[in-house]
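I opened the file to see how the chain is put together. My notes follow in the order I looked things up.

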Amino acid sequence: MRKVNVLKYFAAMLFGFVVLSLSMQAADSKMVNIKTNACSAECKAKLEKGLKDVDGITQSNLNLDDHVVAVQYDPAKTTPDQIRASIAKIGYNADDVKASKADDCSSKCGSKKSVKSSGCSKKK
Ligand SMILES: [Cu+2]
């Protein structure tokens, strides 16, 4: 009998913990969509890899069709403006923030949609 009660207690604890951690996760992360000029698989890899190293960013995914990067972040650690600045530093325009280095892969794509699947370093 006692054993059953202990099991129930642990089950309730576990359930409570799961609910708590899920709600904390939801409260701790926000999403922001940022328009970039990144357009190729090469850009995507570079941008997502760069954002992965930024403190407060938990996840990012660039959509190559509309050039919008969806960034999941911790609002206690960073802000959309800081994320835009980080994207500009990596080498891409982010909404109104221009990339800090113009000579980038992104300046070679942009015009042609066909660049999408190939790398930007490829000569036209
Ligand atoms: Cu590119």
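pLDDT is the predictor's confidence in each residue, from 0 to 100. I took this up first, since the model is predicted. The chain has a mean pLDDT of 81, with 75% of its residues at 70 or more. I found the highest mean in strand E3 (residues 68-73), at 98, and the lowest in helix H4 (residues 105-108), at 64. Residues 112-118 have a pLDDT below 50, and this stretch makes nine contacts in the model beyond near neighbours in sequence. Where pLDDT is low, the predicted coordinates should not be read in detail.

Next I went through the elements. I listed four helices and three strands, in the pattern α-β-α-β-β-α-α along the sequence.

Then the sheet. The three strands form an open sheet in the order E1-E3-E2, with antiparallel pairing. Strands E1 (30-35) and E2 (57-63) are at the edges with a single partner strand each, so one side of each has no neighbour in the sheet. On average, neighbouring strands are turned by 20 degrees against each other, direction ignored. I noted six bridges between E1 and E3, and Met31 opposite Gln72 in E3.

H2 lies across E2 and E3, at about 165 degrees to E2. Helix H3 (residues 80-90) lies across E1, E2 and E3, at about 45 degrees to E1.

I looked at H2 (residues 41-52) again for its length: twelve residues reach 16 Å from first C-alpha to last, close to the 16 Å expected. Its buried residues are Cys43, Lys44, Lys46, Leu47 and Leu51. Across the 124 residues of the chain, 27% count as buried.

Methods:
Residues are numbered from 1 along each chain as its sequence is written. This is a predicted model: local features need pLDDT of at least 70, side-chain atom pairs count only at pLDDT 80 or more; totals for chains, interfaces and linings use all residues. Helices (H or I, at least four residues) and strands (E, at least two) are DSSP runs, numbered from the N terminus. Two residues are in contact if their C-beta atoms, placed from the backbone, lie within 7 Å. The expected span of a helix is 1.5 Å times one less than its number of residues. A residue is buried if 20 or more other C-beta atoms lie within 10 Å of its own, exposed if 12 or fewer, and partly exposed in between; C-beta atoms are placed from the backbone. Two strands pair if DSSP finds at least two bridges between them. Axes are lines fitted to C-alpha atoms, for helices over the stretch in contact, and angles run from 0 to 180 degrees between N-to-C directions.
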